[in-house]
Structures are given as C-alpha cells and as structure tokens.
Amino acid sequence: MSHAATQAAPKKSAGADYDGHLLEVDDLHVEFRTRDGVAKVINGVSYHVDHGETLAVLGESGSGKSVTAQTIMGILDTPPGFVTGGEIRFKGVDMLKQSKEARRKIRAAGIAMVFQDALSALNPVFTVGFQIGELFRKRLGMSRKEARQRAIELLDLVKIPNPKERVRQYPHEFSGGMRQRVMIAMSLALDPDVLIADEPTTALDVTVQAQIMDLLKEIQQERDMGLILITHDLGVVADVADRIAVMYAGRIVEEADCATCYRKPCHPYTIGLLNSIPRMDLKGQELATIKGLPPSLLHIPTGCTFHPRCPMAQEICRTTEPPLLDLGGRWSRCHFAEDLKNRDQEQSAIYLGDQKGLISE
Amino acid sequence: MGRYALRRLLQLIPVLFGTTFLIYWLVWSLPGNAFAGKCGPRLCEQSYIDEMRDRYNLDDPLIVQYFKYMWDMVRFDFGTTYSGEQVSEVLSTALPITMKLALVAVLIEGVIGITAGVLTGLKRGGFLDNMVLVSTLFLISLPVFVVGFLLQYLFGVKWGIIDPSVSEDPSFSELIIPGLVLASGQMAYISRLTRSSIAENNRADYVRTAVAKGLTRGRVVSVHLLRNSLIPIITFLGAEIGTFMGGAIVTEGIFNIQGVGGVVFDAVRGQEAGTVVPIVTVIVLIYLLANLIVDLLYAVLDPRIRYE
C-alpha cells in the first residue's frame, strides 16, 4: 500500500462517505508502447491530495508529472500510453475501473485541469464565452442565455476586467495572462473538488506568473479545493504548496512538507534542483546545475535511476534501487537518505562535492 | 468583417480587368480569318467580312476594342454568335445545367470525401483507413473519361438504371451519375486532405481540453475538431465550384449534357471569338465570386483571419 496511508487522518469535507484521501494515486504504472520499444513512463507513483490542500509535483520535463496528471484525468492518449498497474481513487472509488461514461462525467465536475499553454489549449475558432458556456450547456443542460450569464460571472471571478465585453471575444484577443485566467475560469465552471494545474505559469512572464499563482491560491482556499500544482519552477512552489512531491524518471524520489523540503532536502536530486535556482548572494559565481540529462525512459539505468548524475553515487547505487525510505513524516528514495537528513553544513560539502553552500538555513 | 469583405471585393476589380483583357486579346489574335470560312464551300463575300469586322470593332486599336466590348458587357449586351444567336440566350440555357452539375458534383465530393476523411483520420491504420487509401489512389490514377465511360456503361447500358445520356434539361437525379464521375478524382483528394487535417488537429491541445471538459466524444469531434479541420477543405471545395462552373468538357461530352463546357468547346473549335470571349468572361466572373465567397467563409470559420 501507499506510504500515504501511514499519514495522519486526512481532512474531509462535510458529508464525505469514503475512507482515505479525496484523491489518491496509488502505485501507478504507465508505459508508452512506441516503435522503439516500451518506455516505462510512470513506475509506481503514489500521491494524494485533500480538500484545501496544495500538493506540488516537481520535476524536469519527462519526469512523468504531466503523464500522471493526464492519467488521473483519463485523457492519456491510448495508444501509445497504457496504464499497467495501480489505482487512482477519487472519493474512494477507483477511477481506472470506471466506465468511460462515468469517467467523462467526473472530468471538469470532480477533477478539472488547467493546461500549460492557454493559447493552444483554448479552441481558436470559438469565443471564450462559448467555450466556458459549453460546460453549462452540455454538462448541466442550461440554455444559451443562462450559460452566457454564468460565463460572465466566471470571468469576473478570475478578475478579467469588462467581462461582458470579453465574453464575446476569441482567445487570440486576450493577453497571455488573461488567457490563462480564462483557462482557470473554465476549469472552475463545474465547481470541481480537485484542480490539477499543469505548469499554469510556465508560458507567462514573471509578474504575471505571481498574479496567476495568487489567483489560484485564493480560489483554492475560497472553494476548499484540492490543488495539484505541476511545475518545474521551485520559486512558484515555495509560496503556495503545502507538500512537495519530487519526481524523477517516473518515480517519486522525495516527498515532504514544503518548509521541511526547502530547509533540508534529503535527496541529491532535490538538492540539485534547489541549488540551480539563481541566488543574489552567489552573484558572479557559476550557476550550479545538475550535470547530465534525464534518462531515456526506454533505457532506465539500473539501481538508483539518478545515479549517473548523482555526485554522491556509490557502488550500491549502481546495483540496487533504493526504496522510498520513511524518514518520519517525509520520504526519500536514496540509499543515503538518513545521512542526508542528519547532515550538517560541513558534511553536505563532503557528500555533494563541489556543490557548495547548499542549503541556507 | 465588413472591411475585410470590402477589401476582398475591391481586389476583384484589377483581377477581372486583367483576366478579361488577356482572354479578349488571346482569343481574337488566333491566326486565320475567322469569317472567311463561314460560307460553306465558297469564299465569303468581302461585304460579309467587312460587316462582321465592323460588328466586332476589329478595325479599332486593340485597347479600344476591349473597352467597347467591356462597355457592352456592363450593359449585359453579350453580343451575338456568328450565326446570329444571342450569346445571352446560349448562356441562359447552358449555365443553369452546368450549375446543377457543379452543385451535384461538389455535394457528392464534399459529403463522401469529408466523411471518409473524418472516419479514416480518427482511426488511422485500421481496415477502413487502408481501404480508403487504396481506393482513393485508384480513383486519383484513373482519368475522368475512363470513370465516365465505365459508369455510363455499367449503370446506363448493362444494368439499365439510368439513361446513358441525359435529357435536354436534366433534373438533379439525372445528374447524379455524371456528378459522381466529375467528382471522382477530387473526392479522393478531399478525403486525403480531410484525413491529414483531422489527424493533425486530433492531437491539438484544444482537443485535449475539450476532452478534459467532459464533453462526449461526438461533441469533441463534431464541434471542436471538425470546425478547425474543415478550414482548408472549404477553401479547396470553393475553388472546385469555380472550376466545375467552367464546364466539364469530358463529362458533358460523355453524357451529352448541354452545358457551358460543350458550348465553349464548340466555339473554340469554330474560332468563334465572339462567343468564346463573353462566355469565358462570365465564367471568370463566377470563378472570382466563388473564390470571394470562400474567402469570406474562411473568415467566418476562422476568426483570426478577420483581424489580419
């Protein structure tokens, strides 16, 4: 079973009639069957989110964070993607065992998704009013007029000025930030319990990023939604997330409370990620990077998947895959997780070689 | 949208003058004396030739001839054929028949081509996909007269379902088989064009969004996917209407349809510039208008065009 089950009893909304968490991914396995072979994209991922909670899923491109989200939504392209194991429990019910029709009805109403690039994710040939209103018309059977009215209210909710005018406009008439607001408005239409935001700010410039994150946070708290925030931007995560799950090569390599994780990351990969954030106090020095590239999922390294890039790698890392070790309310998939947890500044430097000044306390 | 339409309309003017001038100039400068051989085995009288030259203003400079001709056209005076028939009469019987045939052909082409394209584009690599690919390749490779004679023989002679040649004023149902023949080659193109367009757009992010909105598969395909995929197809079909309006000489010939194609063909063969020029002018005009409508439709389908 998932390590998550060992955690404190989850907070539930009133009247919940299920055990466990609001949304729970349990030991999920997904593979892509391509012409070049089978790529094991997700290898036993487990995470969960509850009402009012924000889980940040962190990782490089190709780490499997978006594929996990698409599998939860049931919008994974099959073929090439196939779920080969695990469960996705939403309100206690395994989504993977549901009929197509039942899953369709959960989309947008139970679990909704905000995509990365709103310009391509919105249909260019329909007005935003049509695209938002479509949810009310087709899912709730409202009239055109009612749907239009509700669309205007939603645009107002996500703080788009002049919603009555804007509702008649097309996606290309909006700026990047406004477009992402439209996307968010659309995802909120049917009042979902869980919102998955897949890199919602990646395509935006920095000032707009902050506004969008604030908006998401605010709406999440207002509506007591569970929020899964998929990102590779550590700056975004720190302000918003309650918990962080770091993914690498289709596995969760570290999971912890947001503050704990930032204060003392216990996996070399997380340490590397945190080190590669540019810092003002290290101005003039070369920016730390994680050497090498993420592994090809067609040829996953033996042992610990991170060992070819890890400055701490030992013989055991090349031969044996470490389990997700419980470090007391936090987890790390590293043979030296205990050592990392108990390290002091000096030892960090020894473990991680030239990656100096790792963690600011 | 209004300004876009107006701009497109204004663009038609230089194109119209350019094409009609070229046609006028080229057709009248065909070598040989068009009037000399009009009197059977004898040479024509000089007085007849002079009269005809005078009627078509052939002694004026070319540019003056052209504008005199255009002025007549503007007043809907299309002139007469050499045998004295009003060209407008000829047109008014031939054009509706051609229009009917073009309409039938484009409908067949659109409905069958798009349906096949959508079905195969959604499920590539399947049995249906391969079947359509092979049969379209077959259709594209066959010249239209082969398809024409084959269908005429099978339906008209062997099975006796249709008359091998249509009546003088054919009804829509008589034109189904000729329309199918006319549409056959382009139908294959349409289905392939639709197939690739659908397959490409099916991977688009907005289709994924539509699925994530919990819409039914039917709605995702028929509203979100189709609208975007049909934009290039509409352009192609519009141009097709224009082409078909120019007459389908081969198909008309096979089924003995008294359309524009046959009239123009006979006129060209008889060096009847006085008939060719006004009819071709009308065809050009129709072609340009069809293209204008396509451009406007394009802007309706794709809002991004309007603001360029």
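A:Ile228 touches A:Val49, A:Leu55, A:Val57, A:Ala69, A:Val194 and A:Ile196, leaving aside residues up to four places away in sequence; two residues are in contact if their C-beta atoms, placed from the backbone, lie within 7 Å. This is a predicted model, in which local features need pLDDT of at least 70 and side-chain atom pairs count only at pLDDT 80 or more, while totals for chains, interfaces and linings use all residues. Residues are numbered from 1 along each chain as its sequence is written, with chains lettered from A and ligands numbered from 1 in the order in which they are written.

A:Ile228 and A:Ile196 have the most contacts inside the largest nonpolar core, a set of 99 residues. Such a core consists of buried Ala, Val, Leu, Ile, Met, Phe, Trp, Tyr and Cys residues joined through C-beta atoms within 7 Å, where buried means that 20 or more other C-beta atoms lie within 10 Å of a residue's own, these atoms being placed from the backbone. Helix α7 (residues 176-188) of chain A supplies the largest share of this core, seven residues. Another core lies apart from it and has 54 residues, including B:Phe78, B:Val87, B:Ala102 and B:Phe244.

In chain A, eleven residues of domain 1 and seven residues of domain 2 make up the contact. On the domain 1 side, β2 (37-49) and α9 (234-240) of chain A each give two or more residues, and β2(A) gives the most, with four. Helices (H or I, at least four residues) and strands (E, at least two) are DSSP runs, numbered from the N terminus. By class, this side has four nonpolar, four polar and three charged residues; Ala, Val, Leu, Ile, Met, Phe, Trp, Tyr, Cys and Pro count as nonpolar, Asp, Glu, Lys and Arg as charged, and the others, Gly among them, as polar.

In chain B, 18 residues of domain 1 meet 16 residues of domain 2. Helix α1 (residues 2-28) of chain B gives the most to the domain 1 side, 13 residues, and by class that side holds 14 nonpolar, three polar and one charged residues.

Finally, the two chains meet through 22 residues from chain A and 19 residues from chain B. On the chain B side, α8 (205-212), α9 (217-245) and α13 (303-306) each supply at least two residues, with the largest share, six residues, coming from α8(B).

Key
A residue is buried if 20 or more other C-beta atoms lie within 10 Å of its own, exposed if 12 or fewer, and partly exposed in between; C-beta atoms are placed from the backbone.
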